[in-house]
Amino acid sequence: MNHSTIDYNTIALEYAQNRRLHPNVFKGILSTSRVKTDDRVLEVGCGTGNYILAFKSTVGCLCWGLDPSTGMVFEAKRRSNNVNFQLGNAETLQFKDNYFDIVYSVDVIHHVNNHFNYFQEARRVLKTGGKFCTVTDSEWIIRHRQPLAAYFPETVETELKRYPRIAQLKEIMKQAGFSKITEKAVEFHYKLEDIRAYQDKAFSALHLISIEAFQSGLDQMKKDLSNGPIPGVSRYLLLWGTK
Ligand SMILES: C[S@@+](CC[C@H](N)C(=O)[O-])C[C@H]1O[C@@H](n2cnc3c(N)ncnc32)[C@H](O)[C@@H]1O
């Protein structure tokens with residue numbers, strides 16, 4: 001069981017302003033799912049809509065985005081009315097059986113309390129042959145986050161407590177009835193030139209460490225940034241299953 005102490009309602013605006021889609025996560029979901037124009041796609045925990053809006057604009061498929069936070073759904077709806085954004089949570093999907101071609105989530109599974117219920121629900125709403133994807137961080141990724149783990153090392157143990165292990169997720173997917181369970185890592189290198197996202201705590205892990213640890217990491221970032229951009233690498237693991 002995982003319990004998040006992040007209130008996404010209070011950070012929805014910062015999230016919308018600061019968090020962008022990870023290009024290689026999007027490409028990875030797109031290429032493995034082979035989504036087509038008439039496919040139905042559901043993003044669980046869509047937040048402010050970064051990924052599902054990209055599906056809509058790139059493929060033009062039929063899109064749904066679900067999130068339990070009214071603040072996040074409000075921000076998502078402000079961005080487009082071409083996606084069916086609605087309130088809801090992973091464990092009880094309010095959709096018909098065999099409805100979607102693809103169900104996916106990005107950066108959400110550590111917030112979900114009951115993984116088995118979610119995976120069962122995702123499988124129920126998927127058509128036979130439909131694809132299920134969970135984008136998350138492995139233990140290795142959490143330990144090597146750059147710049148997050150480097151500047152805010154206190155985030156590592158805190159994050160390891162709330163993120164489920166990949167082997168555990170694969171086992172639960174199997175129990176929920178998924179087949180062809182595979183994983184694929186993606187990464188994206190960039191140069192950090194603006195620390196606003198860190199300053200605004202757009203990364204939920206920064207809400208879970210002490211004020212002193214946060215301030216000390218931020219001060220160091222400001223200092224290093226005055227000498228030039230900070231190298232960053234964003235990594236994710238895409239965990240796939242098929243109904
Ligand atoms: C880190 S954000 C990711 C948002 C979006 N997927 C993205 O990558 O931009 C995590 C999201 O998970 C949502 N969330 C939390 N608990 C959830 C649950 N039980 N079911 C579905 N979504 C949940 C939060 O409201 C938040 O919008």
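This is a predicted model: local features need pLDDT of at least 70, side-chain atom pairs count only at pLDDT 80 or more; totals for chains, interfaces and linings use all residues.

Residues are numbered from 1 along each chain as its sequence is written.

**Exercise 1. Describe the overall build of the chain.**

Start with the secondary structure: the chain has eleven helices and seven strands (DSSP runs, numbered from the N terminus: helices are H or I with at least four residues, strands E with at least two). Next, take the radius of gyration, computed over C-alpha atoms. It is 18 Å, close to the 18 Å of the globule rule for 243 residues, so the chain is as compact as a globular protein of that length. That rule is 2.2 Å times the number of residues to the power 0.38. Finally, the C-alpha atoms fill a box of roughly 55 × 35 × 30 Å along the principal axes.

**Exercise 2. Work out how much of the chain is buried.**

Apply the cut-off: a residue is buried if 20 or more other C-beta atoms, placed from the backbone, lie within 10 Å of its own. Buried residues then make up 40% of the 243.

**Exercise 3. Find the buried face of helix H5.**

First, locate H5 at residues 115-125, where His 115, Tyr 118, Phe 119, Glu 121, Ala 122 and Val 125 are buried. Then look down the axis: these residues fall within an arc of 160 degrees, so they line one face of the helix. The arc is that of the directions from the helix axis to the C-beta atoms.

Methods
A residue is buried if 20 or more other C-beta atoms lie within 10 Å of its own, exposed if 12 or fewer, and partly exposed in between; C-beta atoms are placed from the backbone.
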